[in-house]
Each structure stands twice: as C-alpha cells, then as structure tokens.
Amino acid sequence: MKQTPGEQQLEIRFRPGQITKSGFMGDDTRHIHDIIEADGKVLERFGLKKADIADRLTLFMDEGKKELEGKVDLGEYVVQVHWARGLMPCPFGEPGLHPKVVVHVFSKASRQEIRYSQLSVHMIRKHGFWGGKGSVFRLEPIDVIRLLKMGGNGE
Amino acid sequence: MEYLSPITIFFAAIFTSNILLTYFLGMCSFLSVSKQIKTAFGLGLAVTFVLTITSALNYIIYYTLLQPFGIEYLRYIVFIVLVAAVVQLLEMFIQRFSEVLYINLGIFLPLITVNCAILGVSLFMIIREYTFLQSVFFGAGSGLGWLLVIVAMAGIRERLNEQKIPPALRGAGIVLIISGIMAMGFVGFSGIVQIQ
Amino acid sequence: MISNILLTVALLCGINGLLALFLIIAERFFLNYGPCTITVNESKTVRVPGGSSLLSTLNNEKIFLPSACGGRGTCGTCKCRITQGAGPLLPTEMPLLTQKEIADQIRLACQVKVKRDLSIRIPEALFSIKEFKAQVTLIKDLTYDIKLIRFKILGDDEILFKPGQYVQLQSVSYDDVKESVSRAYSIASSSDEKKSIDLMIRLVPEGICTTWVHQYLSEGDEVRFTGPMGDFCLCEGTGEIIMVAGGSGMAPIVSFLRYLIQTKSKRKVTYFFGAVTKKDLFYLDEMKRFEKEMVDFTFIPALSQPEPDDQWDGETGLITVPMKKYIQQIDTETCQAYLCGSPGMIKACVQILNENGVTSDRIFYDPFA
C-alpha cells in the first residue's frame, strides 16, 4: 500500500524504544487507524465523545496532582499521581511536549483500577487512540466507561 | 491510421486526451499532493520531466534492444526499471537543489516510479506505433497535461479550505467529485482532435 | 530455447547493471557536498564534511547543543541562530518556531543540513560541554525506585561543574530498544570532585533511559555522558537559604550542601524534604552528617500519608505544611529559596513563599524538563 510520508514516520514513532520503552502498539498487529476506528465504535455505542472521556480523565488527574504524590480520596474513587522528570512528544508527531505524569484511578465500588498517562489523555482527546492491545498504557474503552460510570447502557 | 504531427499529439495529450482526466492514470498522487499549488507544481514538473525522458529512453530501448531480439514481452520490466532509475536521479537532483520541495514531496517523489501515468505513456506509444518524435512529444504533452490538472485542482482545493463542506465529503470525497466535473469539462475539447 | 533464456537474462542484467552504474556515478556527483566551513560565534571555525544535519555535525566536532528528542524534530531544544547559509526554512521546522524566532534567524539544528559554509551563534557556555567516557563504580538502592549511581571518568578528562548543573546520560540499546537516547540527570556529588559524579535516578514507568539504568546497567559497565549543562545554581548572598525537594529532586540540593560545607559557608540552611510514606525517605544518615558538619543546617522531612507501620512522629502533611510553620519565624527579606521537583510542587511552594514575603527574584528552581 502506498503511504504518505507522515504515515511512514508515524509507524516508526509507535515502535518500542522510540518514545517509550515498549512502544504504543503492544502485540496489536492492526493498523493504527483500525485501532482508532474500533475503539471509536465502542464510544459511539454509548453515545460518548472522545472529549467526554478525556475531560473526565483530566479531572481526576488534576485532583491527583494537588496532593503531589499522595493518594487522594474522592469518595467513590481514590486517585494517585506520579510525576517524573522530563517531557515527551506525542507519537502522532504534532509539535508540543507532554509531562511524564502517570495517574492511577481506583474505584472503591468495583475494586478495579485504571492507569493512564497525561499523554494517553491527550491521545484520546486529539486522536482517539487508546493504545494498541497489550501495550503498557492501553486503556480498554469499555473498562473506562464502566469504571467511570459514563454513558447509558450501550447495547 | 493517418499520420499525426508531433505538435498535434503534444496538444492533444494536454487537452483532448488528458492522461489524468480521460484515462484516469496517476490518480494516487493526484489526490494526495494536490493540497498546495506550490507542491503540486513541483510534483507536476517532476512528472513532466520523468515522462519526457522515459518516453524517449524507453522508445530507444524498445526499438533497438527488445524488438530486434524478439523479447518485447519484457517491456513491462525494462520500462519500469528505467523509470525507477530516472526517478532516483531526479530525487538526488531535488534533494540537492530544493530541500523544501524534497520534504514536501516526501514519499511521492520516489513513488513517481509507480505512477501509472508514466508506464501508461510508455505503453501507449508502443501500442499506437508512434515514431520517436511523436513519442517524445506525447510524453512531454502528457506530463504537461498532468501538471495542468493537478495545479488546477490544487488551486481549487486551496479555496475549498475556507468553504463549508459536509463532513462526509471532506478530503478525498470532494476531490473525486471535482475531478469528475473537471473531466467532463475536458471532454468538451475532444471534438477538436482525436488521438486514440 | 536455452539461447533465448540466456539472451533475455543477459539483456536484463546488462540494462540493470548499466543503470546502476550510472546512478552510482550520479550520486557521487550530486550528493557530495564536499567539505564545508562552519563559523561559530564569528570566532571559531571548523571544517566539516557536508551532507549531515548541523546537530550531528557539531556533535562530531565536540560542540554539544542540547537535544531531548534525538534529532527527530519534535522537541525544539536544539534551536540555534544561523546567520548565514542555512537555506530556506523547512516545513519540518515551521511548527516549532515562533514568528519572532523566524525573524531572528533561529533554526532547528537537527533539521538543517550542512550543505554550504555556515555561520552560527550559540551561547558561550556550550563550549565547556564535553563528552565523557565513564565507568560505573557503584549502584546503590536509595529507595525502592531511586538508585544512586557513581560514575568514574576514564582517561585524563576532568569535569568542572557548578553545583546544581546536570549531565545528559546516554543509554545504549537493550532488549527491544534499538536506539540510544540521552536524558538529563542532576549531579549530586561535590563540585570539588572532578574525576567522578553521582546521579540519583528514579525509575520512570516505561522510561527508556531509567529502565536501562535500573534493570540493565551493572557495576563495571562503561557509559558515556555529556555535560555539564543547566543554570540552576547557588547564588551569592548572606541571608538564610530554604531548600525544598522530594524524591530524586534531592540530587542538586545535596550538591549545594556539599558546596556550602566545602566553602565553610556560615549561612543558615533549612531543607524541606517531601515524601508520601517512610519508604520514600533516603539519605537520612548523610543529612545527619551535614547537620553536624554545617554551621546551621536543619533537615525537615514531611510525610504526607505515613503508613501506620511507619511509626512516624515527624512532620505530616504536604511539604507546604511545615514550610508555612517555619517561614513565619525567619527574616524573609534576605532569604533565598531553591526548589527542585514537579511543577505541581513548585507552584505550591512558590505560592507559600510569595505570600510570606520571599519575592520571585529570590526563588530559584530546576525547570524539571
């Protein structure tokens, strides 16, 4: 298949050791656009937009940052944020750098935890990319929607 | 078949039998690189250059090597290899003298090799049994025709940027519709002169 | 039949061979830029082979521009002023440059290719940056996720740095990671020590360089780093000093403290260390030693969420809590503050300091980037 120069660069940056240690694709062999489309369909089923999810994730991140590295009890959820030194670019290649912030959100009700980075929030909002299956920071849209109790029943 | 003067073929290739709009060859890069007039013009020039050179070189090789030895069936391989070599040369040339154009064209520069218009022209000139001069003019004309259409399209698309286009039609959708309308416009020329 | 096959093969080979030969000659001719001259700050000139990016060419000449993304054109840290010979602005540079920078002839050194003679301007301080070959002589766990690494500089080289500066450590390829990256870490050792440096490195989830340091690096290994860089330094003054840092942010602070001991400074120093639980605390023995050796030094650790098992009887709460208490008692007119930590922490501390009369021109912090 013919690929534009941008596309070619794109795939390289998603590989291990380029921006993060194990890359963004995990063991997913699908094309980046197919992953985005498949995850987008899950959101559609629940009548949610990318920005809805990203806003909610940002909210938790901002609450967590206030307590520096400690745990923050938000009633139904417990949030903890780790902030490491340095900045990283987005693999989609637009200019700008993102701080290395990792957020843990634990739901007391379901006893489940999700983990995401500030970069994942950006990628969900801007590109609809939730990570390749099996990658370290992959968020499963359905898990996130259930944990954050967003959207309707879906089906 | 009556003999057509090289000049006639040259103009026919540009207008009445435009390689892009009547044969729909070379659509791929036409759709992708027609966003800015400047880059479109650069690619158009590159395609014209490659077309002219390769039609001449392929003509020579076909009639001095392939035909005398009776191995015309090899023409597909030989033509494409030659096209590839010319494109490589062109790539070095552009990289040296215009880095900006080189980055803007990106992958589409080496991909001129598989631009179907290039191989199409070389094969047409064999099928239509053109003479050497006719072939070169046909190549140059086709290239200029391609350049004309892609620049026109880039001009239209630059203006489209400010227009409200239904979301479903954005990108390739609207471009295909526009090229259809442009093709109809070019068909209007076809009464003037006919080449096959 | 056979002759036909042979003829075909011979012809194809002949044509392809000729074309290949032709292309090789053309490449020699077109893509050979010959030697070019780069004039740096109108004083130093270097003669270099043309054809590669300005960043890597300068690197080969031992002039190290800072670069965070490894020349991929995404970070914009390798910006420098090219006054002559840069050629037209490239589309790959556009997104990272402002209108003013474009007017000032600022370019990205990783994108500009050396094709003709160039004239560039860079800060003088960059000349003192060198590349060092060093051997790992010590790896020590400070906490569960922070390690202290000691590097002994090989050969005759010596590193001359100001306390608070950092070096860029170059990782080597390991596991899935094919390419080398370089990351900045502050120096924790004394600036008196010119043959070795200490770094404190915290494991970053998915971090390319920190994972290498934590899981692949062992004592005896040879590594490379460049430095010193950065302008987070101790300033002259006589007033009190407030230092705030948690985690691996302690590194530059330790370097400051060692410098103050060395210069027999009489300044009063208070260091607030923020952590979550007891397992995040480290270097307590050294801090005790500093308290003995210095004229007036107090180390105040604060745990924001101590575990019941920690049996913690020190300060609790965010680092701002003991700071607020303490700052009431001191003369804030002359004191200076040095901070190292996440932007969140810095913001909170700067606010407290400002509210209590420490103006921003006396607050210094490591940008953490």
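This is a predicted model: local features need pLDDT of at least 70, side-chain atom pairs count only at pLDDT 80 or more; totals for chains, interfaces and linings use all residues.
How much area do chain C and chain A bury between them? The answer is about 2700 Å², and 59% of that is on carbon and sulfur atoms. Buried area here is the accessible area (1.4 Å probe) that two parts lose on being put together, summed over both.

Residues are numbered from 1 along each chain as its sequence is written, chains are lettered from A and ligands numbered from 1 in the order in which they are written, and side-chain values use heavy atoms, with hydrogens and water left out.

**View 1. Chain C meets chain A.** Chain C brings 33 residues to this contact and chain A brings 29 residues; contact means heavy atoms within 4.5 Å. You'll find 5 residue pairs in polar contact here, both residues at pLDDT 80 or more. A polar contact is a pair of N or O atoms within 3.5 Å; within protein, one must be able to donate a hydrogen and the other to accept it, and residues adjacent in sequence count only if both atoms are side-chain atoms. There is also 1 salt bridge between the two chains, meaning a side-chain nitrogen of Lys or Arg within 4 Å of a carboxyl oxygen of Asp or Glu. Look for Glu69(A) and Arg202(C): their closest N and O atoms are 2.7 Å apart. On the side of chain C that touches chain A, the elements giving two or more residues are β9 (182–186), α4 and α8 (343–355) of chain C. Helices (H or I, at least four residues) and strands (E, at least two) are DSSP runs, numbered from the N terminus.

**View 2. Chain B meets chain C.** Now move to the other contact, with 22 residues from chain B and 24 residues from chain C. Together these chains bury about 2100 Å², with 78% of it on carbon and sulfur atoms. Three residues, Met92(B), Arg96(B) and Glu99(B), supply 30% of the area that chain B buries against chain C, more than any other three residues. The salt bridge count between chain B and chain C is 0, but 2 residue pairs are in polar contact, both residues at pLDDT 80 or more. On the chain B side, α3 (37–66), α4 (75–97) and α5 (99–105) each supply at least two residues. The biggest giver is α4(B), with 12 residues.

**View 3. Glu219(C) in its loop.** This residue sits in the loop between α4 (208–216) and β11 (222–229) of chain C. Glu219(C) has a relative accessible area of 48%, so it counts as partly exposed; buried means under 20% relative accessible area, exposed over 50%, and partly exposed in between (1.4 Å probe, protein chains only). Leaving out residues up to four places away in sequence, Glu219(C) touches Val136(C), Thr137(C), Leu138(C) and Ile139(C). A polar atom of the Glu219(C) side chain lies 3.0 Å from the backbone nitrogen of Ile139(C). Glu219(C) is also 68 residues from Phe151(C) in sequence, yet their C-alpha atoms are 9.3 Å apart in space.

**View 4. Salt bridges in chain A.** Arg30(A) pairs with Asp28(A) in a salt bridge, their closest N and O atoms 2.9 Å apart. Which of the two is buried, and which is partly exposed? Asp28(A) is buried because its relative accessibility is 11%, whereas Arg30(A), at 29%, is partly exposed. Elsewhere in the chain, Lys41(A) and Glu37(A) form a salt bridge (3.6 Å, N to O). These two are about one helical turn apart because they sit 4 residues from each other in helix α2 (residues 32–45) of chain A.
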